[in-house]
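Let's walk through this one together, a piece at a time. Have the structure open as you read.

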Amino acid sequence: MNAAGNTTLPTKPPRNWWLWAIVLGFLTAMTVWSGYGIGFSANELVCNIAGGSRLLEESWPPDFSFLPRLIDPFMETVYIAIVGTVVGGILSIPVAVLAARNLSPDKVTWFLDRNFMNILRTLPDLFWAMLFATAVGFGPVAGALALSVFTVAVISKLWSESLESIDMGLPEAVRSAGGSWLQMIQFSAIPQAMQHYVSYALYAFELNIRASLVLGLVGAGGIGMILETQRANFEYERVTLIILAVLVAVLIIEQISETIRRRLT
Amino acid sequence: MSDDSQQNATPASGQGGAIRFEKANIVYPNGVVGMKDLDLEIKPGEFVVIVGSSGAGKSTLLRAVNGLNQLTSGTISIDGREVPKSGKGLRELRKRVAMIFQDFRLVKRLSVMTNVLVGRLGHVSGLRSMLNWWPQSEKAIAIDALERVGIVEKAWVRASDLSGGQQQRVGIARALAQQPAIILADEPVASLDPVTTHQIMDDLVRINRDLGITTIVNLHFLDLAREYGQRIIGLRFGELVYDGDAKTVTDEDFRNIYGREVTEDDVLDDEVVAEG
């Protein structure tokens, strides 16, 4: 599990055509086998395309009269993402610092925190949503808590790597002036990696907007929940509108966030 | 008010600052000898220049004084107390031993003021420094330190917006803010131009004279060593090969320290070579 973060460049394989043929054959066999496994058949696909086109017809034109009723749930989605990003963003600071090999006070702390971080990252956000839903009940609070954990996983992994690449001369200067470990972190390590932190936090916010849509589908509130109820009621024209609105809103939010991030670095 | 701060920044008399190496050895894990059987005594208030070619152990010597490098054997003591290897004792010692670096080592994104206050970190509670909530008396010490190097008007400028010479002055101010008994300057002028070099060396000499802080400076320019040092220490392969007055050091001595002829690469100002 802890080896998941290590990516090393594999040695270049020799140009062996037999090897290529074997690999290609293996991949083809795997795909065909897996296709049988899930009962995939080209015949069925062609028949269902007709059903798909009927669905598309029913979904057009989008029901724009439904738009005003989207505002509240959409804002709820944004709120969930904001709470998740802020809470997770704050909690990720100690997690990232202790997971940076050059800053962690000792090997044991580093090892434990590193693995803790990897466990958070390995478990998907849906799992956390289910977990918190059983604890605090289905709804936006469970969604925000799940996204907090997800945010810690995202930011701490990326940022601990930024922290590992800082210039260690400055921390040494703070230590040699009689500064404590905490003061060294605050006055020399964090300022050097601050830009990266803000950039990763904004990136986590973008991910959280999208993730909170998905969490809504399983009942964590927000626009995903509206989408799910409309779909269950076969209101496909409203579904189309929701998808379009979400597409536009997410694109706008990502554009703003990306512009800020680009200015930073 | 200004009288108060003046007194604050001036270390109390009898501040100490004596350094003593006894049979001190440092061998790096890769087998390189950084310090060999060093016996050396530096008196309080002395201005010592260490010379030697690169790899001779100049930095090793400085960094042993504040415990950044650990001795392999032997002892080093400051004012009769052995330098602790770690823990609270080492932190306490480092409050009294300031360091100035070749690459300045400032937090470039933060203000000059914050950088100088880093020198006060050992003197404030963890909570206060964490909230960046500095007592007025601490700020007064920082401002006084900036006045001593003549850049108090830059207090609220970002460190990255200063020239190299100004950045090194902030480095000196940070050292002064510690109100140290000893200042260790590791090649403080190696990344500066000749004019700024002389200004920074003048600053160091003036501070040593005015405040009586024991000062050890690593230099690789011989004319600077002659011009500014009171006492010159020569190192070669980690060994002490010269220890004497800067006024009487000869070119022959320098040849001995370097183990080769002294060339114009070893001096900052060409005229000095012509004179010598």
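Predicted model: local features only at pLDDT ≥ 70, side-chain atom pairs only at ≥ 80, totals over all residues.

Start at B:Arg20, which sits opposite B:Ser77 of β4(B).

Now follow β4(B) along to its other partner. Strand β5 (residues 81–82) of chain B runs antiparallel to β4(B), and 2 bridges join them. One pairing to look for here is B:Ile78 with B:Arg81 in β5(B). The hairpin made by β4(B) and β5(B) has 2 residues between the strands, and B:Asp79 takes a positive phi near 50° there.

Next up is another sheet arrangement in chain B. Which order do its strands take? Reading across, you get β6-β7-β8-β3-β9-β10 (chain B), 6 strands in an open sheet with mixed pairing. β6 and β10 (239–245) of chain B are the edge strands, each with a single partner, so one side of each has no neighbour in the sheet. On average, neighbouring strands here are turned by 20° against each other, ignoring direction. As a reminder of what holds such things together, strands of a sheet pair through backbone hydrogen bonds, in either a parallel or an antiparallel way.

Strand β9 (residues 231–236) of chain B pairs with β10(B) in the antiparallel sense over 6 bridges.

Helix α2 (residues 58–65) of chain B lies across β3 (47–51), β6, β7 (182–186), β8 (214–218) and β9 of chain B, and runs at about 150° to β7(B). Helix α10 (residues 251–258) of chain B lies across β3, β9 and β10 of chain B, at about 35° to β9(B).

So how do the two chains meet? In terms of contacts, 26 residues of chain B touch 18 residues of chain A. The size of an interface is often quoted as the accessible area lost when the parts come together. Here the area buried between chain B and chain A is about 1800 Å², with carbon and sulfur atoms giving 59% of that. On the chain B side, B:Arg105, B:Arg109 and B:Leu121 lose the most area to chain A, together 28% of what that side buries.

What about polar links? The interface of chain B and chain A has 10 residue pairs in polar contact, and there are 2 salt bridges across the interface. One pair to click on is A:Glu172 with B:Arg63, a salt bridge whose closest N and O atoms are 2.9 Å apart. As for which elements contribute, α3 (87–96), β6 (97–100) and α5 (126–130) of chain B each supply at least two residues of the side that touches chain A. The largest share, 3 residues, comes from α3(B). By type, this side of chain B divides into 12 nonpolar, 7 polar and 7 charged residues.

Finish inside chain A. The whole structure has 25 salt bridges over all chains, including A:Lys157 with A:Glu161, whose closest N and O atoms are 3.2 Å apart. Both of these residues lie in helix α6 (residues 140–164) of chain A, 4 residues apart, which is about one turn of the helix.

How values were computed
Residues numbered from 1 in each chain as written. Chains lettered and ligands numbered in written order. Heavy atoms only, no water. Contact = heavy atoms within 4.5 Å. Buried area = accessible area lost by both parts, 1.4 Å probe. Salt bridge = Lys/Arg side-chain N within 4 Å of Asp/Glu carboxyl O. Polar contact = N/O pair within 3.5 Å; in protein donor to acceptor, adjacent residues only side chain to side chain. Nonpolar A, V, L, I, M, F, W, Y, C, P; charged D, E, K, R; others polar. Pairing = 2+ DSSP bridges. Axes fitted to C-alpha atoms, helices over the stretch in contact; angles between N-to-C directions.
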